[in-house]
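The walk begins where two chains meet and then turns to the inside of one of them.

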Amino acid sequence: MHKYLPHTREDIEEMLKITGAKTLDDLFSSIPKNLKMNKPYAIPNQLSDDELTRHMQGLANQNRELIIFRGAGAYDHYTPSVVKSLISRQEFLTSYTPYQPEVAQGTLQYIFEYQSMVCELTGMDVSNASMYDGSTATAEAMFMAYAQTGKSNILVSETVNPRTIDVIKTYAHYRNIKVTIVPMKDGMTDLTSVSKNVEDTMGLIVQSPNYFGVIEDLDGFADIIHQAGGLLIINSEGQALSLIKTPGEYGADIACGDLQSLGLPLSFGGAYLGYLATKMTYVRKMPGRICGVTTDVDGKRAFVLTLQAREQHIRRAKANSNICSNQSLMALAVTIYLSTMGKEGLVKVANESMKGAHYLYHRLLETKKFESVYPQPFFKEFVLKAKFDVAAFEDQCLDQGILGPLLIGDNQLLFAVTEKRTLEEMEQLVELVVSCK
Amino acid sequence: MKYYNKLIFEMSKSGRIGYNLQSKDIPEVSLPKHLQRETKANLPEVSELDVVRHYTNVSQKNFGVENGFYPLGSCTMKYNPKINDELASLSGFANIHPLQPQETLQGLLKIYYELQLMLSEISGLKAYSLNPFAGAHGELAGLMIIKAYHEKNKDFKRNKIIIPDSAHGTNPASASVCGFETIEIKSNPDGTINLEALRSALSDETAGLMLTNPNTAGVFEKDITEISTLVHQAGGLLYYDGANLNALLGKAKPGDMGFDITHINLHKTFSTPHGGGGPGSGPVGVCEKLVDFLPNPIVLKEGQRYVFSEAKNSIGALGLFFGNASVYIRAYVYIMSFGHEHLSDIGPMAVLNANYIKDSLKDVFELPIDGHCLHEFVFDGLKDQSSGVKTLDIAKRLLDYGFHAPTIYFPLIFSQSMMIEPTEVESKETLDEFIHVMRQIVKEAKETPELLKTAPHNTIVRRLDEAKAARHPIVKFKDIV
């Protein structure tokens, strides 16, 4: 019949007898006749495994693998072989949400390790088991602030990734939350504007390093927001957290963001994962699964989903979030990546990205083809304003197999450099720029 | 196997490393002090072999589909073909940046486009957007579409979503998150919609009705045509929760039943790995009049080129990029490996397997809904309950016998629910073994009920103290040390 359908004709006959049905179609007697399909699906022919492999290889070849100088939320970092190898183990890959903890200690344990690592990175008290991506994690952080404060206005800094802002706006609109964008000053969130608008809001969402690569100095933000009764939500991508002052150190109430930069392939934008971490005070407003430690009847240490009274399957219409499935396997990948890089390696790889970005930044300025846009310290992304016609620049880069910077308007280009970019590749880009008119 | 109880943090030794990274010969850079974190994140310091052994040992504390039968109702735990994983990780898919120019992405965009079309054909809806990351995310997208549609018609009072009490918890939660009020209506004894209850719930404030069909008890809504007429006459829209679509493959299409919006769980019906709780994927599909509201972006074909396009009245963006691309590739390969020749066999085989188990065991388990079921069915505990053995005990005892337990205590319409979904991939031999063990458990319930009430006995840990975990939350390594 088919390799994924094991029954022989005899099996089907014997089984039908037990059910009392004469034919397979009899089993569907509850479906009214006029609703039954009367012709086969108009989908392609079955392909053999060999044909499928060739077909997919052909499709893969129609996508270009490039030397990447673009980030804006997705970063071309190196993934150690152990990550892919270990997350492919079927015990991790093919199981589901750990509803039966006695046979899901593997999943529960790595979730616990993942939560521990997220708390280390962010300086927060408690993390959930993962979110879909950085943008939806941020929208969920907004829902937490909404539930906590009861206020229906939120401030979002203009320096947040515009794609994240779009998602925040989508989520906000349908829940009748009003989003106010706080203007920036010199590429950073303007604290004066925050102070002016903070009254009667649920708080502020700010990103660091922000969309322009700038590391925001968030000293003093928490005080001003807390005095007005709101929550401070800081969005950071994972790798940056190894170097920059943590959300916890800034007194943030919620930390969120994307962790793709910690061991996940670019994969055309997914599957990635978001993280969400908070103070213990707000744990009951937190969406998603949380894993905790307990003991079994013999006193053995064991892991279990906990504080489930927050979740949709218990609270239903009263739940603060509808999260059910998350990105568990991606959380495992990040956990393995962070174990492999470890305390020192993670800092090293982040430093390598940062120094590469600074090298390229200076080399590009030396060409006199750019001017600097923001004077602030940056991490692995930066913005330069081109003095040449950028319209043709992308294609010129592509001709050389390079994915150049992202045009973000007004001749401004957003560059990203990771530890994977070699000196030769950076010099190749510099040379290309020199030839631009 | 030995009980493995170490955390990766507990293996850490200062100075040990697991990475191999060269430093470029360019100037070092450091951040100004006031922007630096005070101390390094306290991550483990372990060798590469430590990592490999540790996570191999950890994995062995899990039960997966390849270990054995996993009849978790409504989760459609079918085999995840190896070829899907292999082809999804080709470097021409894995190393592609989401913000590359479209002419460098034609292979991926073609997959998106064709998968959109295939899902349309399979479900009978006009168009799909693949973006939602999971089933619940697809529900949210669908509800946003409902809201956007009524807002577009300036029909602002439609703020109520009707949901039967047999629905998954995500349905009412999604409705609330989308800013709707939920009206829960009581189901018929078989979990189907009670038409009287529906009629009295419908009004000019009705935004829509969310329905899972077949429902969570594995029963097809025989009155679906009338339900559809009633909802539409009241000015509402009809939402199809695709969690149970597997049953209908080859037999019926939600679009033909009058559904306006669907989401499809690719990780259920189309066999993408559940990954211990994700990544899932919940593409959202709509009928013709709602196409302009789909979440952005969708992929269109213009001449021989595939392009991203934005819907005119789109509900907006739902993620940073374009959903879980690596999941779509697997689902696409899965559908192509069946083709029109065999995709239609899935529903009948899944339904046969469910009925076979049900009819082989209904003399000893309480079957609240008689007659043919579709892809799953519910037992309401043991027929003979004199021993005091509960559904929980049966589930735990199954673990001892090397099976995963069914979904238990759901749907909420029965007190001892045990929801069994075998899927089409299981052979008669596997089902017979399961039936045999279930009968053995019935026997044990009578003869040695304590054995069940204290099960499991053969797993690496036994029953857990869940109350303790909630009373004193220990949610990170730092809380232990």
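Two residues are taken to be in contact if their C-beta atoms, placed from the backbone, lie within 7 Å. In this predicted model, 168 residues of chain A are in contact with 172 residues of chain B. On the side of chain A that touches chain B, the largest share comes from helix H11 (residues 328-366) of chain A, which supplies 23 residues. Sorted by class, that side of chain A has 80 nonpolar, 55 polar and 33 charged residues.

Turning to chain B by itself, one finds 14 helices and 12 strands. Its radius of gyration is 25 Å, close to the 23 Å that the globule rule gives for 481 residues, so chain B is as compact as a globular protein of that length. The C-alpha trace of chain B spans about 75 × 70 × 45 Å along its principal axes, and 59% of the 481 residues count as buried. Among the contacts in chain B between residues at least 6 apart in sequence, 71% join residues that are at least 24 apart.

Strand E2 (residues 160-164) of chain B deserves a separate look. Five of its five residues are buried, so E2(B) is largely enclosed by the rest of the structure. In a regular strand the side chains alternate between the two faces of the sheet. In E2(B), B:Lys160, B:Ile162 and B:Pro164 point one way, while B:Ile161 and B:Ile163 point the other way. E2(B) pairs with E3(B) in the parallel sense over five bridges, and here B:Ile163 stands opposite B:Glu184 in E3(B). Together with helix H6 (residues 170-177) of chain B, these two strands make a right-handed β-α-β unit. E2(B) also runs parallel to strand E4 (residues 206-212) of chain B, to which three bridges join it, and the bridge partner of B:Ile161 in E4(B) is B:Gly208.

The last stop is helix H10 (residues 391-400) of chain B. Eight of its 10 residues are buried, so H10(B) is largely enclosed by the rest of the structure. The buried residues of H10(B) include B:Asp393, B:Lys396 and B:Arg397 as well as B:Ile394, B:Leu398 and B:Leu399. What covers the buried residues of H10(B) includes strand E11 (407-408), strand E12 (417-420), helix H11 (428-447) and helix H12 (449-453) of chain B. Just after H10(B), B:Gly402 takes a positive phi of about 85 degrees.

Key: Residues are numbered from 1 along each chain as its sequence is written. Chains are lettered from A and ligands numbered from 1 in the order in which they are written. Helices (H or I, at least four residues) and strands (E, at least two) are DSSP runs, numbered from the N terminus. The radius of gyration is taken over C-alpha atoms; the globule rule is 2.2 Å times the number of residues to the power 0.38. A residue is buried if 20 or more other C-beta atoms lie within 10 Å of its own, exposed if 12 or fewer, and partly exposed in between; C-beta atoms are placed from the backbone. Ala, Val, Leu, Ile, Met, Phe, Trp, Tyr, Cys and Pro count as nonpolar, Asp, Glu, Lys and Arg as charged, and the others, Gly among them, as polar. Two strands pair if DSSP finds at least two bridges between them. A crossover is right-handed if, with the strands pointing away from the viewer, the path from the first strand over the helix to the second runs clockwise.
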